[in-house]
Amino acid sequence: MSTSAERPRCWPTTDPLYAAYHDEEWGRPVVDERGLYERFCLEGFQSGLSWLTILRKRENFRTAFARFEPEVVARFGERDVQRLLADAGIVRHRGKIEATIANARGVLEAGTPLQQLVWSHAPEAHPAPATMADWQSETPASKELSKRLKAAGFRFVGPTTVWAAMQACGVVNDHLATCWVRAEVEGLR
C-alpha cells in the first residue's frame, strides 16, 4: 500500500496516471452499457500486460474503437481489423481486436442489457480485503458471469478477466479496508 499526502491506496505507485486511476475511477460503479463494454474489452487487452500499459494507450483505444460504441464496433469488418493491426497506438493482437468486435456484437445480441447482466452478478456481501493478498483472482460470480458473456458471443472474458472488470466497474468494492477511497466507493454503490 502506498501513501500520498496521507492517502493510503490499495497498491504502490508513483505514476500520476495510475494514482489518478485508483483515486478517481477504479471500483467506482459503472452502470452504462458503453462504459461496461469498454472496461470489459480493455481488461481483455490487458491480459498478460501491465494495466498501466492499457491506461497509457486508453485514448488511442477509444479513438481506434469508435469510443467503444457497440453499435459502431459491431459493424467492423476485416478492413477494420487490418487497420487496427497497423495501429501502433493500441495493443496489436488479432485475437483481442477480433474479440472486441465480437463483444460489441454480443452486447447487441445478448437479449439482456449489459448493465443488467453484469450487475446481476454483484455479490450481496463482500468483506473489505485487509491486504492485497486477500484479493481473489476469480470468484463463483465471475465464473458464472464469464459463462453468460461467452454464451452471448463475448471473447477474452475468462473468470479472471471478468473478476478484474467487476472490481474496476465497482460491481464489487475491492478497495482495501485501509484505503481512503473505500468508504466513498461504498457510498456510491
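Author: A disulfide is a pair of cysteine sulfur atoms within 2.5 Å. The model under discussion is predicted.

Reader: How many disulfides does the structure hold, and how far is the sulfur of Cys10 from the closest cysteine sulfur?

Author: The closest cysteine sulfur to that of Cys10 belongs to Cys179, and the separation is too far for a bond. The limit for a disulfide is 2.5 Å. The structure holds zero disulfides, and the sulfur of Cys10 is 3.7 Å from that of Cys179.

Reader: Which cysteine has the sulfur closest to that of Cys169?

Author: Cys169 is buried, at 0% relative accessibility. Its closest cysteine sulfur is 11 Å away, too far for a bond, and that sulfur is in Cys41.

Reader: Is Cys10 buried or exposed?

Author: A residue is called buried when its relative accessible area is under 20%. For Cys10 the relative accessible area is 0%, so Cys10 is buried.

Reader: What distance does helix 3 reach from its first C-alpha to its last?

Author: Helix 3 covers residues 51-64, which is 14 residues. At 1.5 Å a residue, 20 Å is expected, and the computed reach is close to that. The value is 18 Å.

Reader: Where does helix 3 bend?

Author: The bend in helix 3 is about 55°. It is found at Lys57.

Reader: Which helices are included in what covers the buried residues of helix 3?

Author: The buried residues of helix 3 include Trp51, Leu52, Ile54, Leu55, Arg58 and Phe61. An α-helix has 3.6 residues a turn, so residues three or four places apart point the same way. The cover over the buried residues of helix 3 includes helix 1 (16-24), helix 2 (33-46) and helix 5 (78-85).

Reader: At the start of helix 3, which backbone nitrogen does a side-chain oxygen of Ser50 reach?

Author: The side-chain oxygen of Ser50 comes to within 3.0 Å of this nitrogen, at the start of helix 3. The nitrogen belongs to the backbone of Leu52.

Reader: With which residue does Arg62 form a salt bridge?

Author: A search of the whole structure finds 14 salt bridges. In the one considered here, the closest N and O atoms are 2.8 Å apart, and the partner of Arg62 is Glu38. Because Arg62 lies in helix 3 and Glu38 in helix 2, the pair ties together parts that are 24 residues apart in sequence.

Reader: What is the relative accessibility of Lys143?

Author: Glu138 and Lys143 form a salt bridge, with their closest N and O atoms 3.5 Å apart. Glu138 is partly exposed, with a relative accessible area of 30%. Lys143 also counts as partly exposed, and its value is 39%.

Reader: Near what value is the phi of Phe68?

Author: Phe68 is found in the loop between helix 3 and helix 4. Phe68 is buried, with a relative accessible area of 0%. Its phi is positive in a residue other than glycine, and lies near 60°.

Reader: Which residues does Arg94 touch, not counting residues up to four places away in sequence?

Author: Arg94 lies in helix 6 (residues 94-109) and is partly exposed at 34% relative accessibility. The C-alpha atoms of Arg94 and Gln82 are separated by 8.8 Å, and these residues are twelve apart along the chain. With residues up to four places away left out, Arg94 touches Glu78, Val81, Gln82 and Leu85.

Key: Residues are numbered from 1 along each chain as its sequence is written. This is a predicted model: local features need pLDDT of at least 70, side-chain atom pairs count only at pLDDT 80 or more; totals for chains, interfaces and linings use all residues. Side-chain values use heavy atoms; hydrogens and water are left out. Buried means under 20% relative accessible area, exposed over 50%, partly exposed in between (1.4 Å probe, protein chains only). Helices (H or I, at least four residues) and strands (E, at least two) are DSSP runs, numbered from the N terminus. The expected span of a helix is 1.5 Å times one less than its number of residues. The bend at a residue is the angle between axes fitted to the seven residues ending there and the seven starting there. Contact means heavy atoms within 4.5 Å. A polar contact is a pair of N or O atoms within 3.5 Å; within protein, one must be able to donate a hydrogen and the other to accept it, and residues adjacent in sequence count only if both atoms are side-chain atoms. A salt bridge is a side-chain nitrogen of Lys or Arg within 4 Å of a carboxyl oxygen of Asp or Glu.
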